[in-house]
Amino acid sequence: MNSESLIRNTEKIAPSVIPILSIFPDAPQKLMICGTGFFIHERGVLATASHVARLEHKWALYDGMLLECDMLAEQLTINKEKDDPRMKHSWDIGVLQVQAPQKIFYALKLSKKIRFRRGEPIAQFGYYDQGVKYKVGDITGLNGLLTTGIVSAATNIRIGPIEMGSRLILDISAGPGSSGSPVFDPDTAEVLGMIVSGKEKRVLGPGPSPSEMKIEHIPLGIAYSDPIIHLGMWLERFMS
């Protein structure tokens, strides 16, 4: 992995990767990070994980502004109209539209790659703060997190003769708030996949006072990524 290419490409994509915030029942007066999104079209079309897109109230934090999000696609499903469930396949990928009609956003390039090999280098950029409560005036200081790793395993998904792309297991750090983060090629900045989940363990740690304990979520360095090729196909149909 070329470090100069990684630095250059991270700086290139970072402005287009933003935290998605929502209001949770246990903290109705606070906004909390629920995931990550990235722009796939200059008119504010934003990709994120489906389980993030499903939340009732969502805001994208962009350049210090909170932009309300509308749902465009709750979940990408292949052959949705088919009666035979064996011919359908759903990905944990959703699409949002930010409410900023006068702004132009830099869209990330989506790769058409569908086959991967163990050991291929990858990088992930996103947010990792789910559960942290922010007042609106505090959220402008959030920073994205870059982690790097390799493809640990790839499962090629097929429906009959049609290749659906590869679901990846990654040796990479990702955790709560990372859902929806782009997995990208460190040398080209092309988006190869999307973080949809990660493995973690729970441990007891010190709480807000000496007499209290709280559960800490520790990432185990294993994350799962859904293929991005169908997102590109959806975008072509949506914009046509």
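In the predicted model, L231 touches F38, I40, A47, L76, I93, V95 and L110, with residues up to four places away in sequence not counted, where contact denotes heavy atoms within 4.5 Å. L231 is also among the residues with the most contacts inside the largest nonpolar core, together with F38, I40, L46, V95 and V98, and this core has 44 residues. A nonpolar core is here a set of buried Ala, Val, Leu, Ile, Met, Phe, Trp, Tyr and Cys residues joined through side-chain atoms within 4.5 Å; buried means under 20% relative accessible area, exposed over 50%, and partly exposed in between (1.4 Å probe, protein chains only). Strand β2 (residues 27–41) supplies the largest share of this core, four residues, helices (H or I, at least four residues) and strands (E, at least two) being DSSP runs numbered from the N terminus. A second, separate core of 11 residues includes F116, V151, I195 and A223.

Residues are numbered from 1 along each chain as its sequence is written. Because the model is predicted, local features need pLDDT of at least 70 and side-chain atom pairs count only at pLDDT 80 or more, whereas totals for chains, interfaces and linings use all residues, and side-chain values use heavy atoms, with hydrogens and water left out.

Four aromatic pairs were counted, under the rule that rings of Phe, Tyr and Trp (its six-membered ring) pair if their centres lie within 6.5 Å, with planes under 30 degrees apart taken as stacked, over 60 as edge-to-face and the rest as tilted. Y62 and F105 form an edge-to-face pair, 4.9 Å centre to centre with 70° between the planes; Y62 lies in strand β4 (residues 59–62) and F105 in the loop between β8 (94–98) and β9 (121–126), so the pair ties together parts that are 43 residues apart in sequence.

Salt bridges, defined by a side-chain nitrogen of Lys or Arg within 4 Å of a carboxyl oxygen of Asp or Glu, number four. One of them joins R167 and D226 (2.8 Å, N to O), linking distant parts of the chain, since R167 lies in strand β12 (residues 162–171) and D226 in strand β15 (residues 213–227), 59 residues apart. R167 is partly exposed at 27% relative accessibility, whereas D226 is buried, with a relative accessible area of 2%.
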